[in-house]
Amino acid sequence: MLAEIKRRNLPETIPNGLTKENWAAYKKEMIALFEKEEYGVTPEKPGCVRWEVEKQHDTVGGKAVHNLVKLTFETPMGDFTFPFDTVIPNTGKPVPMFVYISFHPYGAGQYLPIEEIIDSGYALAIVNYNDVTKDTNDNFESGIAKMYPRRNDGTDWGKIGMWAFAASRMMDYIQTLPAVDREKIYVAGHSRLGKTAIWCGVQDERFAGVISNDSGCSGAAVTRGKKGEHVVHITKNFPYWFCKNYQKYIENEDSMPFDQHQLLALVAPRPLCVGSASEDEWADPESERMGAYLAGEAYEMLGLKGLSGDIEIPAEPGDKQFGGKVGYQLRKGTHFLSRYDWQRYIEFFNQQ
């Protein structure tokens, strides 16, 4: 593993001169780099965020309350509103929460065992990403995308940034909830929304931790030398996820002034858990594990334990490395977010 890292000629996680004392300044510089070259520049937080809460009903057999929230904020083109749902256990005390950026509306589709998560003592906030902006190449004319003018200078934000921005606006509301423990709110996503969760958590330090499930290329996997998807594929199929500058690195990844492990490192010192699937070669589990391992070097620099375990031993399905602030788990199977994955993430954050 370590020999392979050296062969890939990856940028250093900890450049010369980086210390605890200048970590905050370095993080600000790196976020600006990822904005300019990959995800696009995120707008400033809106001046006014407001919400309307519709209490729907008790749910999961009376163990929790489900609310529909309609959140509105100011944009350069007027007010923008999107809905999301919360499910909060009836425990009588503040509980941790997962903010889950979802492919589906609340209660529909796959990927989310709601009752099991509630029974584990966690609340949920769930947003359907298409309610923020459509996951299509629509010339940025749907949802929030049409509410911000575009400069066309190569750094305009892509839709990953927009979905992440919406999750931060959800956090504006969640911070007001006495039933939620503000110190234990984690952002989670799968696949392209795993990329979104990472970018959201890096930018918004109110999130106490990040879950990346099968996020692969332009997510948790290091780009240089990975199997499966590369910049050439992802920008051809989904150019609207990123800023235009990212296309400079098509068939030219060695010239990137960054790689994804450096993005993961910016979650530090907060907990980070990366999950992979053994048969998901397009995402490349080994490169996701490598990203988690290298990100852990930032945690070590800050005096914390990064990724635990022997990195030289290949990961097998069912393996987990949960002994530090960076976790990694490998599930048998294909590209999916399963009940098993959620159980592992709950286990990891319980340990934190």
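## Basis of the values

The model is predicted: local features need pLDDT of at least 70, side-chain atom pairs count only at pLDDT 80 or more, and totals for chains, interfaces and linings use all residues. Residues are numbered from 1 along each chain as its sequence is written, and side-chain values use heavy atoms, with hydrogens and water left out.

## Overall dimensions

The protein chain contains nine helices and 10 strands; these are DSSP runs numbered from the N terminus, helices being H or I of at least four residues and strands E of at least two. Its radius of gyration is 19 Å, close to the 20 Å from the globule rule for 352 residues, so the chain is as compact as a globular protein of that length. That radius is taken over C-alpha atoms, and the rule is 2.2 Å times the number of residues to the power 0.38. The C-alpha trace spans about 55 × 45 × 40 Å along its principal axes.

## Burial, surface and charge

Of the 352 residues, 60% are buried, where buried means under 20% relative accessible area (1.4 Å probe, protein chains only). The chain exposes about 14000 Å², and carbon and sulfur atoms supply 48% of that area; accessible areas come from the Shrake-Rupley method with a 1.4 Å probe.

There are 39 positive and 48 negative side chains, and the centres of the two sets lie 2 Å apart. Lys and Arg count as positive and Asp and Glu as negative, without His and the chain ends; the charge is placed at NZ of Lys, CZ of Arg, CG of Asp or CD of Glu.

## The sheet

An open sheet of 10 strands runs in the order S1-S2-S3-S5-S4-S6-S7-S8-S10-S9, with mixed pairing. Strands pair if DSSP finds at least two bridges between them. S1 (49–59) and S9 (320–321) stand at the edges with a single partner strand each, so one side of each has no neighbour in the sheet.

## Strand S5

S5 (residues 123–128) runs parallel to S4 (residues 95–102), joined by six bridges. Met97 stands opposite Ala123 in S5, and Val99 has Ala125 as its bridge partner. With S3 (residues 78–89), S5 pairs in the antiparallel sense over three bridges; here Thr86 stands opposite Ala125.

Six of the six residues of S5 are buried, so the strand is largely enclosed by the rest of the structure. In a regular strand the side chains alternate between the two faces of the sheet. In S5, Ala123, Ala125 and Val127 point one way, and Leu124, Ile126 and Asn128 the other way.

How values were computed
Buried means under 20% relative accessible area, exposed over 50%, partly exposed in between (1.4 Å probe, protein chains only).
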